[in-house]
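The following exercises concern side-chain contacts in a protein chain. Please work through each task before reading its solution.

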Amino acid sequence: TTYEKDANLVNGVIEEGNGDAVSGGSVYDYLQPRYDGFSQLEKLRYDLSDVLTERVNIVFIGDSITWGLIATGNSSSDPRTRELTDARNNGYAPSWFNLFHKYIASEYLDTDSVTESAWSGSPSGVAIFEYAQTIDLFPEHKPLTTHQAGTSSNQWEFTSASDATLAAYYEAKITSYDDDFRIDFVMTGETFDFIFTSLASGGRYDLFVNNVNLGRFSTNTSELGLPTQFGNVRTHNIGGHLAGASVSIRFNSWEGGFTTLRAEAIRINKTMRITNNGIIGDNSTRYLSLNFDDAVKPDDDYCFIQFGTNDRNQGASQGYANGMNLFYNSMSTMLDKLALGDVKPVLMCANATDDESSDKVFSMSSARSMLYKLSKEKSTDFIDNYKITKSLFDEGDLSFLEDAVHPSDSGHLLIFQNIKSRIDSAGN
């Protein structure tokens, strides 16, 4: 894939880079399931906390319990065809999913401002929730690093300036042919902003991503048609949705006599997209065949999977008789497909139910056992929502259920608290 190589200068003009094209993407091998030494939930917690992880995309797939039934204040679930174009829930009913996306935004982005979007073709409801936070980083400090080399004694110089983005700037001046100044960092995402001061002596810097030159860009007032001013914001696309990309802003050219680079900040517009693609009435086999490929987008980073409740029903799915082995094979195939797409999976088991009877081909307890076994085989994190509700069931407390299958508000709260606890404690 060849990506666009441009930079949008907010206070000036749009410049096109002249570097080589760059291709992105990495191969995920589920036999090597740890990421920089982390499990899936540990990596998720790290990415949510990391200021240089610009975007975290999470999708949840499952059935009606993921959709949000039967929380108070749910939206209408009709029309319903068991497709991704079905009606969706709203963003305010106290379902475990809604509690989850609000908590993640508050805890890790310190915001409750959300952009809600419907799924394409869906007649009502919300499927996609996006949150954003602006993070400005001064070049002098980690996790950014600066370098200078050359025969001159020039160094990066710190200067206070109340009108600068962070009330200061970091400046490099070239006086020798071999002067070389750099701002380096490693990021995950798609874009970052370089904030600089436009100057009459402003020079041109090169942007390298993974050692590929994406172009040379000016900070000069004459070339940009700008006055001398603080706060110019240029958005750089690093070449797609890349993980662990090595980014380097390099200033080592005094062509045209332009000798100064005044850097104010690296801005990360950290964004989280959390998608609910739970479909009422679906089971793992049907979902895999008809919905899975569209439900998980190429740029999703994490996929939480919760099926099993409807897989217990007698009958056939996509021409196959329902049963434990079909459930196992469908779930295993989902994990393999996620692995090929570099999406980190988290398996979940749904809550205990009060509908165990002769018309079920296996029990929720058996579903839980199979999912646990599969999580160990694939080295995938497993969140057990069955166990925390089964203990209440065994005590005769069915308050966590609204009917025989679906959680009540208190049941949704229990599930949310269990997921939250697993993420918050990951890596401890």
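Is Lys337 buried, partly exposed or exposed? The model is a predicted one, and the relative accessibility of Lys337 is 33%. Buried means under 20% and exposed means over 50%, so Lys337 counts as partly exposed at 33%.

**Exercise 1. Determine which residue Lys337 pairs with, and where the two partners lie.**

Step 1. The side chain of Lys337 meets that of Asp293 in a salt bridge, with an N to O distance of 3.2 Å.

Step 2. This pair joins distant parts of the chain: Asp293 belongs to helix 6 (residues 292-295) and Lys337 to helix 7 (residues 324-340), 44 residues apart.

Step 3. Asp293 has a relative accessible area of 53% and is exposed, whereas Lys337 is partly exposed.

**Exercise 2. Describe the salt bridge between Arg262 and Glu171, and classify each partner as buried or exposed.**

Step 1. Arg262 and Glu171 meet through their side chains at 2.7 Å, N to O. A salt bridge requires a distance within 4 Å, so the pair qualifies at 2.7 Å.

Step 2. The relative accessibility of Arg262 is 14%, and the relative accessible area of Glu171 is 9%. Buried means under 20%, so Arg262 is buried and Glu171 is buried as well.

**Exercise 3. Explain how Glu377 and Lys373 are placed relative to each other in helix 8.**

Step 1. A salt bridge connects Glu377 with Lys373, and their closest N and O atoms are 2.3 Å apart.

Step 2. Because the two residues are four residues apart in helix 8 (residues 364-377), about one helical turn separates Glu377 from Lys373.

Step 3. Glu377 is partly exposed at 39% relative accessible area, and Lys373 is partly exposed at 44%.

Step 4. The structure holds 21 salt bridges. A network of salt bridges links Arg312, Asp355, Glu356 and Lys360.

**Exercise 4. Classify the ring pair of Trp156 and Tyr170, and state which parts of the chain the pair ties together.**

Step 1. A pair of aromatic rings is described by the distance of the centres and the angle of the planes.

Step 2. For Trp156 and Tyr170 the centres are 5.4 Å apart and the planes are at 10°. Planes under 30 degrees apart count as stacked, so this aromatic pair is stacked.

Step 3. Trp156 is in the loop between strand 6 (145-149) and strand 7 (157-160), while Tyr170 is in strand 8, so the pair ties together parts 14 residues apart in sequence.

Step 4. Trp156 is buried, with a relative accessible area of 8%, and Tyr170 is buried at 9% relative accessibility.

Step 5. The rings of Phe194 and Phe196 have centres 5.9 Å apart and planes at 25°, so they too are stacked. Phe194 and Phe196 are both buried.

**Exercise 5. Identify the residues of the aromatic cluster and the charged residues that lie over rings.**

Step 1. The count of aromatic pairs is 21. Ring pairs join Phe60, Trp96, Phe97, Phe100, Phe129 and Phe304 into a cluster.

Step 2. Arg250 places its charged end over the ring of Phe208, 3.9 Å from the ring centre.

Step 3. Lys344 lies over the face of Tyr302, 5.2 Å from the centre of the ring.

Technical notes. Residues numbered from 1 in each chain as written. Predicted model: local features only at pLDDT ≥ 70, side-chain atom pairs only at ≥ 80, totals over all residues. Heavy atoms only, no water. Buried < 20%, exposed > 50% of the residue type's maximum accessible area, 1.4 Å probe, protein only. Phe/Tyr/Trp six-rings, centres within 6.5 Å; stacked < 30°, edge-to-face > 60°. Lys NZ or Arg CZ within 6 Å of the ring centre and 35° of its normal.
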